[in-house]
Amino acid sequence: MSRDPLLQPYQLKNLTLKNRIMITSHEPAYPEDGMPKDRYRAYHEVRAKAGVALTMTAGSAAVSRNSPPVFNNILAYKDEVVPWVRRLTDACHDHGCAVMIQLTHLGRRTHWNKGDWLPAVAPSHERETAHRAFPKQVEDWDIVRIIQDYADAAERMKEGGMDGIELQAYGHLMDQFWSPVTNSLEGPYGGSLENRMRFSFEVIDAIRKRVGDDFILGIRYTADEDLQGGITPEEGLQISHRLKETGQIDFLNVIRGHIDTDPGLTDVIPVQGMRNAPHLDFAGRVRREVGLPTFHAAKIPDVATARHAITEGLLDMVGMTRAHMADPMIVRKIKEKREGDIRPCVGATYCLDRIYQAGDALCIHNPATGRELTMPHEIAPADVSRKVVVVGAGPAGMEAARVAAERGHEVTVFEAAPDAGGQIRLTARSERRREMISIIEWRMEQCLARGVKFNFNTFAEAEDVLAECPDVAIIATGGMPHTDVLSEGNDLVASSWDIIAGDVKSGRRVLVYDDAGDHAALQAAELIAASGAHVEIMTPDRSFAPDVMAMNLVPYMRALQDKDVRFTVTYRLKAAKRSGNMITAVIGTDYSAFTEEREFDQIVINHGTIPLDELYFDLKPRSKNLGFVKQEALVFGQPQPLDANPKGEFALYRIGDAVSARNTHAAIYDALRLVKDI
Ligand SMILES: Cc1cc2nc3c(=O)[nH]c(=O)nc-3n(C[C@H](O)[C@H](O)[C@H](O)COP(=O)(O)O)c2cc1C
Ligand code: SF4
């Protein structure tokens, strides 16, 4: 029996949890027609199999029709959910993993233009900044119906084989009643704390009556809204005690903060560059003072911090949620004393940001997450060992090398720079985005452990590749910044990457022109603004930096808004002209013939990259497949055909930005899905 505190069992009422690690509720937006079907089940099953003790499924599964999903949530108000839930719970139980589900009514945190177009309801008319619906103020019959809905949904979950449920009470209807900021009701459900909690007590009573005493019922709630006029830590503790006093709540899952704005949400769920485990001690205080079983998650990305949380008695169960999206095998690797092999969560929060843009949750550097039905988390060895040459050690090249090495191939990598990393190495130069380098470092360690040979400072030409006599050559040479977008004056501009790399010094009065909309423009702007310069960030789009997305935008805004920075949307930089020491920017718009001229001493352009593909085209005639990739084979996981050129010597593939400018996830996914079948 292991002495590791993380691996000790925990008795939660009548349920034995086999260790102290859990996945907290998070909706990855994988439901199909509101149901947790095969993709959903496969996602949880792989984590259950790898040893996590408890997986809290769903996130905000809707108990009522007028709580329409904001990010493709499970519709717990439909009876047809039961058999799908049963398949999910059976699959997890087969591996000894406990399964629960989070139920909620979103209140005003949704929009009336979703689902059945019913008005959102809340204890006040005030809208939530993030979701924008002006809600109807709840009336008596809404309350009666919603309480009933909670009980019905809880019963469905019990019938589906869930070990328990968790009520969501941070930013949703339940705590919209609690918080003075969102409750303007008078009478039984407004005013005193007792009144503001009445709705929750009635829900809890109704659920208990329906599911009985043995079924586990917990609550994930804000014990400190950290918001002007909101629930204070003192009131949060009172709430915690009152929940305990009901005698009906089996665990507390502690949240600190408010989620009604993007910055608020980001403080609750910190992204990269923000402090690890910022609310852990607070959760520990709640545990100490209230004495109920206590769970908590918020950027506890590494095993050492998780272990500390248990050893110090701060938590009973420690949530490692994004960490499990990055690596489902955490518990297995702890047990096998392979903690160093855990693929680190780098806090990029690509996963969460995507669901707020109507996407599904995908991990920036684990493309198998959410694709468990088609992509492996563990790479199977190949039947035949091949000689694989990879050119370029950016994210695509490093993933190709890792996967090829895991397949048992003999792998050689050429890289022109002195180190691996490509654009990620540059990105990670900013202190705030330093965690990104783990994407490369983890792959480097995996490669070195499997004997991959690296040739740095080597700008590989065709003959270098041919000299290796490869069976497979993979070109992952990335791209060069593309700034050639003006009708005049392209020679007068710098690229965002020039600034990030430190190759070009910041000017004093700078126009950052961004029509790519990704991180590079804001990252360059942040560096320029920090030097004390005036920066104007201009985009022809309706909003700036659309690909950065909501939570990732928060640290940028915090770094930019207190500096001399302005944002200009819907204007297009057309040309640049030298005028003495300055550069005249000719600015127009796609909306009219309007133009104006303004002066800057530096213009920085962010317009993606142009593929560095010369080597690929040099090698193409000598390859067996003439570079051809059969897309169906790629998508459906079959070997690639190699019969295009009978005289060819090797298979040739091109991946990542060497094909076209995309993002880190796309580059790594390109590599995984190609190389897993080589
Ligand atoms: C894709 C995604 C969806 C989430 N959805 C929910 C949700 O519906 N309900 C909830 O309580 N928390 C949700 N969360 C928050 C997580 O439960 C967790 O609190 C958060 O990710 C911080 O923990 P971590 O740092 O271990 O990831 C979500 C997180 C992610 C990544
Ligand atoms: S996208 Fe980033 S934050 Fe989300 S799981 Fe992956 S590494 Fe972690």
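Predicted model: local features only at pLDDT ≥ 70, side-chain atom pairs only at ≥ 80, totals over all residues.
**View 1. The shell around ligand 2.** Ligand 2 is surrounded by Arg322, Met325, Ala326, Cys345, Val346, Gly347, Ala348, Thr349, Tyr350, Cys351, Cys363 and Ile364. Two helices, α10 (321-326) and α12 (350-355), each supply at least two residues of this shell. The most is given by α10, with 3 residues. Sorted by class, the shell around ligand 2 holds 9 nonpolar, 2 polar and 1 charged residues.

**View 2. An open sheet of 5 strands.** The strand order is β15-β14-β13-β16-β27, and the pairing is parallel. At the edges are β15 (453-455) and β27 (651-654), each of which pairs on one side only. Neighbouring strands of this sheet are turned by 15° against each other on average, direction ignored. Strands of a sheet pair through backbone hydrogen bonds, in either a parallel or an antiparallel way. In this sheet, β16 (residues 472-475) runs parallel to β27 and is joined to it by 4 bridges. Val472 stands opposite Ala651 of β27.

**View 3. The second largest pocket.** This pocket contains about 440 Å³ of space. It is lined by 18 residues, of which Thr129, Ala130, His131, Arg132 and Tyr356 are the closest to its centre. By class, the lining of the second largest pocket consists of 8 nonpolar, 6 polar and 4 charged residues.

Definitions and conventions
Residues numbered from 1 in each chain as written. Chains lettered and ligands numbered in written order. Heavy atoms only, no water. Near = heavy atom within 4 Å. Nonpolar A, V, L, I, M, F, W, Y, C, P; charged D, E, K, R; others polar. Pairing = 2+ DSSP bridges. Axes fitted to C-alpha atoms, helices over the stretch in contact; angles between N-to-C directions. 1 Å grid on protein atoms, 1.4 Å probe; cavity = no way out; pocket = protein on both sides within 12 Å on 5 of 7 lines; lining within 4 Å. Points joined across faces, edges and corners; volume = space filled by probe spheres on them.
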